Amino acid sequence: MSYLVVLPSIDAEYRDACLAGLAPEVLKHVIVVDNRFTNRGVATSWNRGARHVLQHGIDWLVVLSESTRFGPRGGRDFVAALKEHEGRSWVVESETPIGW
């Protein structure tokens, strides 16, 4: 199972805090789209990730907000959940911390 995480960013402080919470093995799958100087918008940033996924045959595209904070597992549990949902679309949305 392969995955790519695309992280549109307009705020370095939020971006750095988000990335700091990721486990190293998850972090290596992240592409940061730096929108600080030329804001392409989130949809264009997501499309950049989608193109990469299609070109390289990656199984999952994960779109991540830089305001996301991960718990002690650093996203490892999220990746495990992707494996459980292999072959299906999956959307996670939460307004409250869910302990990932």
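Predicted model: local features only at pLDDT ≥ 70, side-chain atom pairs only at ≥ 80, totals over all residues.
Two elements give two or more residues each to its lining: strand 1, residues 3-9, and helix 3, residues 42-56. If you want to find the place on the structure, the lining includes Pro 8, Ser 9 and Ile 10, then Asn 35, Asn 39, Gly 41, Val 42 and Trp 46. Val 63, Leu 64, Ser 65 and Glu 66 also line this pocket. By type, the lining divides into six nonpolar residues, five polar and one charged.

Now to one residue of that lining, Asn 35. Where does Asn 35 lie? It lies in the loop between strand 2, residues 30-34, and helix 3. Is Asn 35 buried or exposed? Its relative accessibility is 3%, and buried means under 20%, so Asn 35 counts as buried. Leaving out residues up to four places away in sequence, Asn 35 touches Pro 8, Ser 9, Ile 10, Arg 40, Gly 41 and Ser 45. Among these, Pro 8, Ser 9, Ile 10 and Gly 41 are also named in the pocket lining.

The second residue is Asp 16, which lies in helix 1, residues 12-20. Asp 16 has 42% relative accessibility, which falls between the 20% and 50% cut-offs, so this residue counts as partly exposed. How far apart are Asp 16 and Ser 67 in sequence and in space? In sequence, 51 residues separate them. From C-alpha to C-alpha, the distance between Asp 16 and Ser 67 is 9.9 Å.

Technical notes. Residues numbered from 1 in each chain as written. Heavy atoms only, no water. 1 Å grid on protein atoms, 1.4 Å probe; cavity = no way out; pocket = protein on both sides within 12 Å on 5 of 7 lines; lining within 4 Å. Helix = DSSP H or I, 4+ residues; strand = E, 2+ residues; numbered from the N terminus. Nonpolar A, V, L, I, M, F, W, Y, C, P; charged D, E, K, R; others polar. Buried < 20%, exposed > 50% of the residue type's maximum accessible area, 1.4 Å probe, protein only. Contact = heavy atoms within 4.5 Å.
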